[in-house]
Each structure stands twice: as C-alpha cells, then as structure tokens.
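Subject: Structure handover, aromatic contacts

Hello,

Please find the structure below. My notes on its aromatic rings follow.

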Amino acid sequence: LRQINQNKINFFKFILESQIDKIGMHKSYNILEHSKFINNQNEIRNIFLFFNVKNIDSFDNLILKTTSILNQYFHDDGSFPLFNGTNNIYTKIINESLNKDTYLKKRNFTNIDNGIAFYSDRNKRVFFDVVQPRKNRISSNLSAGTLTFELSGFGEKIITNCGASENFGKNPEYLRYSAAHSTIILQNTNISEIKEGNPHIKFPQLVSFRNESDDEEEIFEGSHNGYLKKFNKIIKRKLIINKSSSKLKGEDSLISFKDNNNKLIYHIRFHLADEMTYNFTNNKKNIILKTKLNNIWLFKSDAELIVEDSVFVDNNITKPTKQIVIKGIMSEKKIMKKWSIEKI
C-alpha cells in the first residue's frame, strides 16, 4: 500500500464509480446492498488514511454522494422500500449510523432516465421502479418488477412489494417474480426472465422514464417493452402525485405494437402492507382500507376490483396479507385503467 500511486488510486475510484448510477445509487438497486457498498468505501478510505496515502478527496466526495442519496430511500415508517431483494433487518442500524447533519440536504430525482424514482412530502412517500436492466453481474439479482411502486404515508406503509428474506439465506425465486410486485403483469408472465445466479437472458431492452412537476402535481411516467417480443405489447404507467394532499392517481396502459386477435389476460396488482383490513363499496370499484394505525384510505378504480391473498416477507418473517387486483382480458389495441388511492 505504501507504493500506491495516483494511477492506482484512480483505478480504485473507477471500479467504485462503475457500480453506481448518475445520482449515486448502487446498480443492484437493492438499498441494503447500497448500504454495504457505502461501508466498503469507508473501509477503503480508512486503509488509505492509515497508510498516509494522499489525494483521496475524490473518495470523500463519492462517499458523500452515495450516502446523501441513501437518505432519500426511507419510507414514512422508517423502513426501506422493498425493491430487488431488499429487506429491513439492518435498517435501524443503518438509519442511526447516518450523519443527519451532514446528509440532511434533500436530493431530487430530476433529469434522470433510469433508477428508482422517489418523491416525498409531509403527507407521503412514493417510490417507482424504472430501472433499466443490463446483461451484467450487478443486474443479475434484479427482480422482475419493472414499473412497480410503493407508497407510505402518515407513519406507515400502504402499498408494498412482497419483500425478501435475509440476504445471506436462500431467497425464494417467487419473491422476485413480477406477481410479487405492485405492477402490471400480462398473461401471468414475468417481465424479466428470472435465472438464479446469472444475468437475465430476457429483460426489457428499453425502460423509459420522464417526469413533470408544477406547484400542484409531480408526474412520474414510465414504460417498458418487456412484453414486446412475446406478446407485441408495450406497458406504460403514469403516477400523478398531488403535492398538497395525500392522493396518488395512476393510469396504467397496455398498448399493442401491431394488430392481432390474441386475447391476453392482464393483472394489475397492489400488494397491501400487513395488518390492513378492507371493505368493498356497493359498486365493487372502491375499497376502503383501514391500517394498523387506524388511518383510513380509499382505493378507487374505473373497473371492478378483486382482493386476493398475498404475503409480506420482511425481517425473515412471512406474514399473510392481501392484494388489490384489477383483472381483465385485453382484446383491444389499447386499454387504459385508471385508479387512485387517498387518505380520507
């Protein structure tokens, strides 16, 4: 280490920077793995300091970048969003280790075309998966949850993904399936092919994202072509976030790339956090949700809704829960399903 020169320092930096995206998020898009990555950076920096290696300011800047973005990926209840195998076993320790004075400055997900988009205000937090998978080792553990979202508000989680087991244990593959995520699924087929321990062979070749913002609304809009080759369909999701209230609106579209007469089954799934109860209204298009903190939320749709069993896996504990499902048969060239959820 005493013989480390600037070229070797630059190489270390290159290796580290190749593992993060434009805003400093680890490309596994697993928040727990991101936290481990920050710890590894700190260890490398400390080794350099111990041996009195000079010119390592760039490492300090990288640590600042990756740690400040981690601050944005906490739900309203202090938990991590459950994307790509993330679990919350070490969340409290990670949260307490952050230097809030240094990293308190709010980061924005603007002018970014890839990653896990985030939005927060005093009422709610929204996370939206618009990650572009790649054919590399870092992408090999991504879940098939493109365009999934999670929502929390008023101190608790509302819409979730099914979660994952402890990273060092065996994580069941079904928890990486599209159906284990709050997203749009066509013909009960995974958006990306799940292959254990290997980069995906099949995955969306194009995941696009754009956002708009004004004084009243933040709009996230994403699309993917993961079903194009097999079913000739493009999937789009628009999330319309009301900044002054606790309301989130969604518009989910399935678009045929070319005319065909195949009638395909679609499911739009919204996995509920654990310990929630529900009641349908008379028209079956609205569901009243009561949370464990006794908050009331109203889920509304332009189609009849059904409720199915689901599971919520976190801290290595599997709990039964429910999921709201919009189900139908696509027989037209384009369909759009609108829904909303708000606290009442």
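Ring pairs join Tyr73, Phe109, Phe118, Phe127, Phe128, Phe209 and Phe220 into a cluster. Please keep in mind that the model is predicted. The structure has 18 aromatic pairs. One of them, Tyr73 with Phe127, is stacked, with 5.9 Å from centre to centre and 25° between the planes. Tyr73 sits in the loop between helix 3 (57–70) and helix 4 (91–97), while Phe127 belongs to strand 2 (residues 124–130), so this pair ties together parts that are 54 residues apart in sequence. Both Tyr73 and Phe127 are buried.

Another pair is Phe154 with Trp297. The ring centres of Phe154 and Trp297 are 6.3 Å apart and the planes meet at 70°; planes over 60 degrees apart count as edge-to-face, so this pair is edge-to-face. Phe154 is in the loop between strand 3 (149–153) and strand 4 (156–160), and Trp297 is in strand 13 (residues 296–301), so the contact ties together parts that are 143 residues apart in sequence.

Regards

Terms used. Residues are numbered from 1 along each chain as its sequence is written. This is a predicted model: local features need pLDDT of at least 70, side-chain atom pairs count only at pLDDT 80 or more; totals for chains, interfaces and linings use all residues. Side-chain values use heavy atoms; hydrogens and water are left out. Rings of Phe, Tyr and Trp (its six-membered ring) pair if their centres lie within 6.5 Å; planes under 30 degrees apart count as stacked, over 60 as edge-to-face and the rest as tilted. Helices (H or I, at least four residues) and strands (E, at least two) are DSSP runs, numbered from the N terminus. Buried means under 20% relative accessible area, exposed over 50%, partly exposed in between (1.4 Å probe, protein chains only).
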